[in-house]
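Have the sequence and the 3D view open, and follow the charged side chains.

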Amino acid sequence: MVYIDDQIERLDLTEGLRTISCQRREQALSFKFEQGQRLCVAAYLLLKRALREEEGIMENPIFEYGEHGKPFIVGHPELHFSLSHCKEAAACVLSHKPVGIDVESIGRYHDNVARYAMSDAEMARIQQAEQPGVEFIRLWTMKESLLKLTGEGINDNMKQVLDGVPSSAFTIVEPPGKNYIYTVCEL
């Protein structure tokens, strides 16, 4: 199940910091600017909500981290989750199988960034799109959600990330009237 918070400015940061784990509080407070702190807290609060509503888990989740930094919930190896945030929103997905989510703001399109991360076929798809910037974000969120699922993270092989992965593994959501796109990947 996917949880989104795109009302970040409404978050009571002081209250949020009080109600999250010490581990997450330290992480949130490591952000220099308040917006980063808010997004970090909001994503964690979405996970708490998902755990409460879907699994009946009331305590604050504590994370352990895999080889490439992928978080796992201590004491709950059966649960898989992914968190993401961008300027406009925080996102969380919780599942009983490996899952990844990425949310990105729709912003200015930069051809040089796209050429670094996209294959020739993907670049052709972007250039033929009615809105190249939106198509770039669609593809980027697909790549990043897959990398979050696998735990690999962004790497030097971004052009080939989607090779061999069926499009059915991705759910791309473009909420009407919003300035972000999110993609969930489940294999």
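Predicted model: local features only at pLDDT ≥ 70, side-chain atom pairs only at ≥ 80, totals over all residues.

Start in helix α6, which spans residues 132-150. Arg138 and Glu135 sit three residues apart there, so about one helical turn separates them. The two side chains form a salt bridge, with the closest N and O atoms 2.5 Å apart.

How exposed is each partner? Glu135 has a relative accessible area of 8%. That is under the 20% cut-off, so Glu135 counts as buried. Arg138 comes to 21% relative accessibility, and therefore counts as partly exposed.

Arg138 has another partner. The side chain of Arg138 also meets Glu174 in a salt bridge, at 2.5 Å from N to O. This pair links distant parts of the chain: Arg138 belongs to helix α6, while Glu174 lies in the loop between β7 (170-173) and β8 (180-186), 36 residues apart. Glu174 is partly exposed, at 37% relative accessibility.

Now put the pieces together. Through salt bridges that share partners, Arg125, Glu135, Arg138 and Glu174 are joined into one network.

Next, turn to helix α3, residues 34-55. Arg49 and Glu53 both lie in this helix, four residues apart, or about one turn. Arg49 forms a salt bridge with Glu53, and the closest N and O atoms are 3.0 Å apart. Arg49 has a relative accessible area of 34%, which means that it is partly exposed. Glu53 is partly exposed as well, with a value of 47%.

How many salt bridges does the model hold by this rule? The count comes to 10. Among them are the Arg49 bridge to Glu53 and the Arg138 bridges to Glu135 and Glu174.

How values were computed: Residues numbered from 1 in each chain as written. Heavy atoms only, no water. Salt bridge = Lys/Arg side-chain N within 4 Å of Asp/Glu carboxyl O. Helix = DSSP H or I, 4+ residues; strand = E, 2+ residues; numbered from the N terminus. Buried < 20%, exposed > 50% of the residue type's maximum accessible area, 1.4 Å probe, protein only.
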